[in-house]
Amino acid sequence: MRKFFTALISLSILSFTLHASPANGAELIQAGPAGKIHGADISRWQHPNDKPINFLKMRAAGIDFVMIKASDTREYSDRLALKYVKADRIGAQEAGIHTGFYHYALLPNVTSNSAIERDARAQAQKVIWRLQLLGGFNDLDLPYALDLENNCVKVSSSGSCSKNATRAQATLWSKTLLAMLKEKTGRTPLIYSSPHFLENALNRDKELSQYPLWIAQYAIDPGKAEAKPNVKPGGCYVHSWTTAQCSANWTMWQYSSCGIAPKYGVPGNRLDLNVFGGTPEKFESLLTGTWLPDPADLMPVGESSTITISSVKATTTNKSAVIAIEVTRPDSSPVVTGSVKLYFTSANATKPTVVQKLVRETSGSWTLSISGLPAGTWFGSVAYKDPSGTHADTKTLVDLTITQGETPIPKPTKKAASKPATDGCRNQIKN
């Protein structure tokens with residue numbers, strides 16, 4: 001009986017060691033193209049109908065690392081990222097896969113340098129708080145990455161981009177966010193983008209080039225000895241990471257968005273695939289330095305907020321009423337999470353049926369357009385609500401006086417021309 005209990009205790013200790021050690025089973029297997037360290041990246045799109053990912057199968061297929069979408073500028077998309085990132089990180093690490101994270105970013109529709117930096121710091125704060133919710137960095141975590149692939153700051157009614165951030169604005173914003181992440185977490189973050197975007201949307205900048213590049217370029221096979229990203233007809237893309245040899249100083253390369261998802265235990269048909277551009281020693285250097293948040297870095301709960309209506313434009317029935325709204329924290333910095341909406345109060349005899357369109361201008365600043373308001377004076381309340389509970393909900397009253405406008409003449413509807421189906425995976429590498 002004593003031998004039985006001794007064996008049982010030894011087995012329990014072994015079981016605890018296997019589950020408690022984050023480095024267990026995480027040896028690099030380098031099963032990617034041409035023996036490179038192979039990786040994938042995932043988001044909510046790899047969870048159709050809430051289906052889980054089989055990370056043990058992913059590991060058995062040769063994946064050494066997976067970059068997980070953990071945060072987003074947009075409120076709705078950010079909540080969806082949060083829904084999956086915790087379980088995906090645990091599942092991947094238990095299977096022996098290294099994990100990294102990325103923040104999908106949209107730039108603010110502002111022009112002054114101070115406003116640009118203000119937004120970048122607010123989005124960096126969202127990243128830091130998300131990392132804090134995950135418990136900080138551990139020994140299997142790669143650094144956080146900034147996913148910057150869109151410089152549109154204003155969209156027209158037709159859905160096309162009507163205004164882009166300038167190169168200088170996008171560069172300043174990127175440097176500000178990346179610097180804050182590096183300072184706060186002690187790890188150098190990566191930046192993800194395509195060579196076309198880097199060349200056309202950002203300035204060449206020495207400080208920016210110090211951050212490791214996660215480059216996205218498809219239809220080039222990394223399994224071939226001469227293969228490299230950053231090429232275009234007649235030469236190479238020129239940006240902060242372009243070398244004197246007309247190549248790119250890249251750390252990770254997303255070489256396909258058409259990986260065979262079921263092969264890697266992922267529901268659906270497609271999966272982004274990546275390779276690491278260096279030795280195992282270089283890969284492991286990215287894993288150095290755990291980070292646990294200081295008390296000052298902890299996400300607040302129910303922190304007081306102040307809502308201010310900057311301007312109201314309400315004229316006639318055939319024009320939308322437009323309200324500019326700002327919501328700030330106690331230190332006058334913008335709130336990081338949450339959104340705003342107009343509610344009609346009981347002071348109205350009836351409740352009109354309207355359409356509300358909310359546009360984020362920058363962190364904590366929105367433009368709310370309300371169409372369909374009948375003539376008259378309408379009493380409402382603009383309410384700020386934060387489902388995450390980080391900032392306290394708040395509201396303020398607003399009156400909208402609308403006069404009768406001309407009845408718009410309906411435009412004849414045109415039948416949309418059918419577009420031929422396109423193959424998004426044409427010429428891509430289907431590993």
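The predicted model of the protein contains seven helices and 19 strands. Its C-alpha atoms fill a box of roughly 85 × 70 × 45 Å along the principal axes. Of the 431 residues, 48% count as buried. Among contacts between residues at least 6 apart in sequence, 73% join residues at least 24 apart. The accessible surface comes to about 21,600 Å², and carbon and sulfur atoms account for 54% of that area. The protein carries 47 positive and 35 negative charges, whose mean positions are 6 Å apart.

Helix α4 covers residues 113-133. At 1.5 Å a residue, its 21 residues should span 30 Å; the end C-alpha atoms are 30 Å apart, so the two values agree. The helix is mostly covered, with 15 of its 21 residues buried. Just after α4, Gly135 adopts a positive phi of about 90 degrees.

Three disulfides were assigned. In sequence order, the bonded cysteines pair 1-2, 3-4, 5-6.

The sulfur atoms of Cys152 and Cys161 are 2.3 Å apart. The S-S torsion of this pair is about 110 degrees, so the disulfide is right-handed. Cys152 is buried at 15% relative accessible area, whereas Cys161 is partly exposed at 39%.

Cys236 is joined to Cys246, with an S to S distance of 1.9 Å. The torsion is about -105 degrees, so this disulfide is left-handed. Cys236 lies in strand β10 and Cys246 in the loop between β10 and β11, so the bond ties together parts ten residues apart in sequence.

Cys258 is bonded to Cys425, S to S 1.9 Å. A torsion of about -95 degrees makes the disulfide left-handed. Cys258 lies in strand β11 and Cys425 in the segment after β19, so the linked parts are 167 residues apart in sequence. Cys258 is buried at 5% relative accessibility, and Cys425 is buried at 10%.

Terms used
Residues are numbered from 1 along each chain as its sequence is written. This is a predicted model: local features need pLDDT of at least 70, side-chain atom pairs count only at pLDDT 80 or more; totals for chains, interfaces and linings use all residues. Side-chain values use heavy atoms; hydrogens and water are left out. Helices (H or I, at least four residues) and strands (E, at least two) are DSSP runs, numbered from the N terminus. Buried means under 20% relative accessible area, exposed over 50%, partly exposed in between (1.4 Å probe, protein chains only). Contact means heavy atoms within 4.5 Å. Accessible areas come from the Shrake-Rupley method with a 1.4 Å probe; for residues, only the protein chains shown count as cover. Lys and Arg count as positive and Asp and Glu as negative; His and the chain ends are not counted. The place of a charge is taken as NZ of Lys, CZ of Arg, CG of Asp or CD of Glu. The expected span of a helix is 1.5 Å times one less than its number of residues. A disulfide is a pair of cysteine sulfur atoms within 2.5 Å.
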